[in-house]
Every structure is written in structure tokens, then in C-alpha cells.
Amino acid sequence: MAADRSDETKGGIQQLLARPVNRMETLSEAAYAYLLLVPAFLLLAVVAFYPLAETLRMSLYEDSLGAEPLGEFVGIQNYLDMLAGDTRLTREVVDVGLSGSFPFLELGTPFFRQALFVTLAFAILSVLFETLIGFGQALILDKEFRGRRWVRVAIILPWAIPVAIQGMLFYLLFQPQVGFASDLMQWLGLFGSTPLGSSRDGFFIVLIADIWKTSAFMALLILAGLQSIDRSLYDVARVSGASPWQRFKLITLPLIMPALLVAMLFRTMDAMRVYGVIDSTIGCSTVPSLTCMVVDGIFSTRIYGTAATVAFFTALLIGGFIVVYLWQFREAEGGLT
């Protein structure tokens, strides 16, 4: 009797464990794929969505310089003040006489608007030039020639340099009477006598530093796409009498577009969060960005509400860029089918 009960118990457990397996076998391929992605979605919710939701919650409260980090609930008032250029961070910096530490506040341009302009201009220009230079580098590396391995190392080397060292290199490079770049730019009439203290000149120094470092990243991603193209297509095009430009326009560019868009998406997301290269090269007080505004708001002035507002607004901007890229990626994928 005991053995029979034991066998029944084991059989019941086996049937209980077999039910989920049987249900999984009846799932469609799409449903099964989503089921496998559940752990990744849960991890993403913990490490990404929860901090984003907490940032949104903090942005709905007034700043507090007292013992409590947040003040009263004000709804979207922080966002309205931010868009109007009348943030608590701006008022506090001016009121306590710290505007000398933030020269961009003395230019007559509201703090947020200049930071937004710097961020968008940096993202657009850096991604544009890095894509063009990276595309050119990828086209060269895709060819067979002697010493290609060493050329790849030379192109990738700047990308391997840490941001802090990169910033110090370009700081010394444009330091008057130390680096040659400052004298060269002044001789060409492009920079003033103190480029590291000028917001305009400093912006272009940061831009040059980022392009120098990150073009290699674009080249690697684009090169991976180039090497996935079937080489027989080029042979057929040559036999048909297609010129090099026609082969590039009708074969290379359409087939490389999905990989190109993915590379641009990654770089745009990173460029919209620019902070390290600015802080290590020029300083956020000279060339402010949205991320600089968040860091200064939290660590320098402890104004959490305004900092959270700017952080969530930056996340919304990045989300908008992602939607545009995904739409373009879908169009590129549709053109290949």
C-alpha cells in the first residue's frame, strides 16, 4: 500500500511538472520568443524603468535646500519653469553669488536653454561627422591591402583611451603656450586668445575631442555591416558595367543602411548624455550640457527636483530620437524585402 501511494505521488508530481512543458509546446513561435524574453524584461524593469519612474516622481516635487531632499508637490510646475528658463538652480546660483563659477549664466541666455542647445548641437554635429569619418574608415578597412591589421589598430586606438586621459590630452593640446593647436587655430582666425575659457571655442574643442575618439566605434559597427554583404553582387555589377558610384549607391548603401542606423542610434543616445568629455576637457561651467545641469544640480547645489526634471526631460528627448531611428530602421528593412 505504501509503495502504491508513493508511485501515485510521483506520478502526480510528474504530471504537474509536465503541464507547463506541454503548454509551451503548443505556443506559437512568437509567443515562445516573448516567453524567453521575460527574464530580460524583468531585469530591464529593475535597472532601467524603476529609476526612470523614480526620476519622474522626484521631478514633480519642489526643490528643498533644507534637511529634506524634496519639498512640496508641485506637479508639472518644474517643467514649466524649466522651459521658461526660470529654474530653481538658476535662481539659487545667482542669489548666492556663484554666477562667477557659471559664466554661461552671465551671457543673458537662460541656463536650461543654453544647456539644451549645447546638447542638441553636440549630438547632431558629432554623430554627423563621426558617421562620415567612420564610414570612410570602414570602406578603407573593408579592402584587402598590405598592413591592414596595423591600420585597424591605429584606427581603434583612440577609442580605447579612457575619457579622463582623452580630456587631459585635448586640454593640454589647446592650452596656450603648451599645445600647438591653440596657436594654430588663432593663426587661422578660428579661435580667440583663450579658447579654454570661451564657451564657443570650448564647444568645438569638445566636439573635436569626441569625433577623434568615437569615429572608431562607428567604423567598427559599419565595417561589420560591410563584411556581411555578398561579394558576388559586386561581381555581377562589374560585369553589367556599373561604375564604382553606381555600385556604392545601388548595393553598398542600401545593404549597409540597417547597420548604419543602429550605429547612429547608439552614438546619438551616448551623445545626448555627454558629460565626461566636457568635464575632463573644458568644464561644465564653460560648456554646459543637460547632463552637466543634472550633475551640478545634484552634487553642487543639491537641488533634486530641478535636476530630476532635467534628467527626465533628457530621457524623453532620447526616447524621441529612438522612435525616429526605429522608424527609419523599419523603412530600411522594408526596402530590402
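Biologist: In which hand does α6 pass α12 in this predicted model?
Modeller: In this predicted model, the axes of the two helices, α6 and α12, come within 10 Å and cross at roughly 140 degrees. As for the hand of the crossing, α6 passes α12 in a way that is right-handed.

Biologist: How many nonpolar residues does the contact of α6 with α12 have?
Modeller: On the α6 side the contact includes F122, V127 and F135, and on the α12 side it includes F248, I256 and L260. Sorted by class, the contact has three polar and two charged residues, while the number of nonpolar residues is 11.

Biologist: Is T252 buried or exposed?
Modeller: T252 lies in helix α12, which covers residues 244–271, and, leaving out residues up to four places away in sequence, it touches L226, I229, Y234 and R247. Its relative accessibility is 6%, and because anything under 20% is placed in that class, T252 counts as buried.

Biologist: Which element gives the largest share of the largest nonpolar core?
Modeller: This core has 49 residues, and those with the most contacts inside it are F122, F174, F203, I222 and I278. Among the elements that give two or more residues to the core are α6, α12 and α15. The largest share, 12 residues, comes from α10.

Biologist: Which residues does I222 contact, leaving aside its neighbours within four places in sequence?
Modeller: I222 is one of the residues with the most contacts inside the largest nonpolar core. With its neighbours within four places in sequence set aside, the residues in contact with I222 are T131, G134, F135, A138, I256 and L260.

Biologist: How many residues are in another core that lies apart from the largest one?
Modeller: Apart from the core of 49 residues lies another core, which has Y79, F111, V310 and F312 among its members. The number of residues in this other core is 13.

Biologist: Is the crossing of α7 and α10 left-handed or right-handed?
Modeller: Helix α7, residues 148–160, packs with α10 at an angle of about 125 degrees, and their axes are 6 Å apart. That angle makes α7 oblique to α10. The contact is made by residues including I155 and W159 of α7 and W212 and F217 of α10, and the crossing of the two helices is left-handed.

Biologist: What distance separates the C-alpha atoms of A115 and T291?
Modeller: A115 has its place in helix α6 and is buried, with a relative accessible area of 0%. Not counting residues up to four places away in sequence, A115 touches P288, S289, L290 and M293. Although A115 and T291 are 176 residues apart along the chain, their C-alpha atoms are separated by 8.5 Å.

Biologist: What percentage of the contacts in the protein with a separation of 6 or more comes from residues 24 or more positions apart?
Modeller: The protein has 15 helices and two strands, and buried residues make up 36% of its 337 residues. Among contacts with a separation of 6 or more, the part accounted for by residues 24 or more positions apart is 66%.

Note on methods: Residues are numbered from 1 along each chain as its sequence is written. This is a predicted model: local features need pLDDT of at least 70, side-chain atom pairs count only at pLDDT 80 or more; totals for chains, interfaces and linings use all residues. Side-chain values use heavy atoms; hydrogens and water are left out. Helices (H or I, at least four residues) and strands (E, at least two) are DSSP runs, numbered from the N terminus. Buried means under 20% relative accessible area, exposed over 50%, partly exposed in between (1.4 Å probe, protein chains only). Contact means heavy atoms within 4.5 Å. A nonpolar core is a set of buried Ala, Val, Leu, Ile, Met, Phe, Trp, Tyr and Cys residues joined through side-chain atoms within 4.5 Å. Axes are lines fitted to C-alpha atoms, for helices over the stretch in contact, and angles run from 0 to 180 degrees between N-to-C directions. A crossing is left-handed if the near helix is turned anticlockwise from the far one by less than a right angle, and right-handed if clockwise. Ala, Val, Leu, Ile, Met, Phe, Trp, Tyr, Cys and Pro count as nonpolar, Asp, Glu, Lys and Arg as charged, and the others, Gly among them, as polar. Angles under 35 degrees count as roughly parallel, over 145 as roughly antiparallel, 65 to 115 as roughly perpendicular and the rest as oblique.
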